[in-house]
Amino acid sequence: MLTSLFLAAAAAASTPMVQNVEPPYWWTGMRNDTLQLMVTGPGVADAAVRASYPGVTLLEDVRLDSPDYKFLYFKISPEAQPGEMPIHFKLGKQEQTIDYQLRQRAKSGEAHEGFTAEDVLYLLMPDRFAQGKASVADPYEGLEYKAQPDRANPNARHGGNIQGIIDHLDYLKDLGVTAIWVCPVLENDMPGGSYHGYATTNYYRIDPRFGTNEEWQTLIEEANKRGLKVVMDMIFNHSGLNHPWLKNLPSKDWLNHPEGDVMTNFRLSTVHDPYASDYDKDATVNGWFVKGMPDLNQRNPHLMRYLSQNSIWWVESSGINGIRMDTYPYADMEGMASWIDDVMREYPNFNIVGECWYSNEGGSAFWQKGNRLNPTDPRLPSVMDFKLVTDGRKFFDEPTTPWTGLNGLYDHLAMDFLFPNPEKILTFLDNHDTDRFLLQEPDSLDSWKQAVSFLLTSRGIPQIYYGTELLMNGSKEGSDGYIRKDFPGGFEGDTINAFTPAGRTPMQNEAWDYLSALLKWRRDVANDVIAKGTLKHFMPINCAYVYERRLGDRQVVVMINGTDEPLTLDMARYAEILPAGTRMHRSLGGDDVEIAADLTLAPRETLILQNF
């Protein structure tokens, strides 16, 4: 028995009391001079802590409910220099010193440029885009769940990775986009593989099946060399069920409804409904998103500080150009507003877009920074135009009448008065959570061309979903995997390589060429006018939708025929933007157009004109 006790004591002594520290390193010269360290290890909450480093002061030593977590708060003065800060822990007879690294910032906070209306985002899902050569021998290192890729299963991992994106950056540049929004890449050690990335189990580690933290940094560096920005997808409303927190919660209030007995009702109207019951609002905001995604409590100040620092760490360590925050209204409004304050304080030229999924304009506008109808300024710079997604197919496919088709599009933009800043609305036709804009392969590209033309010439920040240039189509009915298909040619063994013209069908090449020409014209010729110009549009009472973008004396005019027949326009109606005798250039090539008494558009034609 004495031998057993001795061995147990020896094993306990050999176990370090400090097993993990997050964030793994930090920087001097940050505008927020307070650093939180979350220290984990057996019994570490009871350890005495001592730290001595020039310019750094230990402000607080916080213990919560679990004995295995300690939260240390340090003040880092402007005089503090980069180096290794020794932090000494003592628990009984056990002592341990860690050397915490303070680094030199690579550039100023102002130098971190965010995405704007001058950009066009290309949204891709790493698992489904392309597979490059793995940089590590074991892409399952440290993972509990090791499901192998199964491309025959739409709900399994397919093996795409960060290197696959790097390998095809030239393709994206050639297409003409200026930014990449990458679906989540952090560790998702979950049953079934969690290929989509929305169930985080480690906030400081790239999922090894996607690559390494260093490869993520390389992606941003290589993208930036090509003039491409990178937007990182983050999720703070919930984590994955297999996150270490769920095995040992730092505090009793770390989660909302920690028993997992309340699921969200997905009714975001309760957040701004003046008559909403407490019961319904609690279910919306505090209920779990799904059984495998426990709801984090952003009202806990230690958790909220952890999340804020995590965002700043990824911006600073990898140089990302923006954040897309998932399920934004489902989290605590005040907590998330403080998060935005923290990030934007460090990076005033940065941008953040929140997923505010409403099928109406008022709900989306409620969340944008500066909305006076929201008693709590949410501080969110950019919101998402889901109305264009839910009704976009009707706008461009249905015949135009006084109430349908292009009139619906006109009415949608007429609601922009609700938004404090319409130019910071993220506009899109589809994404990884919605049906594809094309439900099936089209017989004609006319309506598709009208939709992408509007997307790239109207107000806001356009986003294109990967494969749009290839006419990828499908419905999520039955499986989200049907709208997240593999990019042809991105994987070993693919018999078709759509990254090249030879691997595309004639119709796909027509679509690719049109979209690419439009993207490059926007990027290289008309970017200022489209991104910064005013917008004036005309009610489509004659089944044509006509609008103008103007910046100074530079002008772009878009005309869309909403019918399947030739349409002759009485140009006197548009004299305020196109007086008779005005000579305009066709933006995508062709003969100049001189404005006369009337102008005829071909069936479903989209005519883009410019005066420069």
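**Strand pairing, cores and ring contacts in a predicted model**

Within strand 21, the residue that forms a bridge with R550 is Q555. The structure is a predicted model, in which local features need pLDDT of at least 70 and side-chain atom pairs count only at pLDDT 80 or more, while totals for chains, interfaces and linings use all residues. Residues are numbered from 1 along each chain as its sequence is written, and side-chain values use heavy atoms, with hydrogens and water left out.

Helices (H or I, at least four residues) and strands (E, at least two) are DSSP runs, numbered from the N terminus. Strand 20 and strand 21 form a hairpin with two residues between them, and G552 in the turn has a positive phi of about 65°. Strand 20 also pairs with strand 19, again in the antiparallel sense, over five bridges, and here H537 has Y547 of strand 20 as its bridge partner. The hairpin of strand 19 and strand 20 has five residues between the strands, and in it C543 takes a positive phi near 70°. Because six of the eight residues of strand 20 (residues 544-551) are buried, this strand is largely enclosed by the rest of the structure; buried means under 20% relative accessible area, exposed over 50%, and partly exposed in between (1.4 Å probe, protein chains only).

In soluble globular proteins, nonpolar side chains tend to be buried together. A nonpolar core is here a set of buried Ala, Val, Leu, Ile, Met, Phe, Trp, Tyr and Cys residues joined through side-chain atoms within 4.5 Å. The largest such core has 165 residues, and those with the most contacts inside it are F89, W216 and W339. Helix 9 (residues 301-318) supplies the largest share of this core, namely eight residues. When residues up to four places away in sequence are not counted, W339 touches F236, M304, L307, S308, S311, I323, M325, Y328 and I352, where contact means heavy atoms within 4.5 Å. A second, separate core has 18 residues, including V546, V557, L578 and L599.

Across the whole structure, 33 aromatic pairs are found; rings of Phe, Tyr and Trp (its six-membered ring) pair if their centres lie within 6.5 Å, and planes under 30 degrees apart count as stacked, over 60 as edge-to-face and the rest as tilted. In one of these pairs, F266 and Y330 have ring centres 6.2 Å apart and planes at 75°, so the pair is edge-to-face. Since F266 lies in the loop between helix 6 (244-247) and helix 7 (269-272), and Y330 in the loop between strand 14 (322-325) and helix 10 (333-346), the pair ties together parts that are 64 residues apart in sequence. F266 is partly exposed, at 44% relative accessibility, whereas Y330 is buried, at 9%. The rings of F538 and Y574 have their centres 4.9 Å apart and their planes at 75°, so this pair is edge-to-face. Because F538 lies in strand 19 (residues 534-538) and Y574 in the loop between strand 22 (567-570) and strand 23 (583-586), the pair ties together parts that are 36 residues apart in sequence. F538 is buried at 8% relative accessibility, and Y574 is buried with a relative accessible area of 0%.

Charged groups also sit over rings, a term used if NZ of Lys or CZ of Arg is within 6 Å of the ring centre and within 35 degrees of the ring normal. The charged end of R157 lies over the ring of F210, 5.0 Å from its centre, and that of R436 lies over the ring of Y466, 5.1 Å from its centre.

Several loop residues complete the description. H196, in the loop between strand 11 (186-187) and strand 12 (202-206), counts as buried at 18% relative accessibility. Apart from neighbours within four places in sequence, H196 is in contact with M125, C183, P184, M293 and R484. L471, in the loop between strand 18 (461-465) and helix 15 (506-524), has a phi near 60°, a positive value in a residue other than glycine, and L471 is buried, with a relative accessible area of 5%.

Technical notes. Two strands pair if DSSP finds at least two bridges between them.
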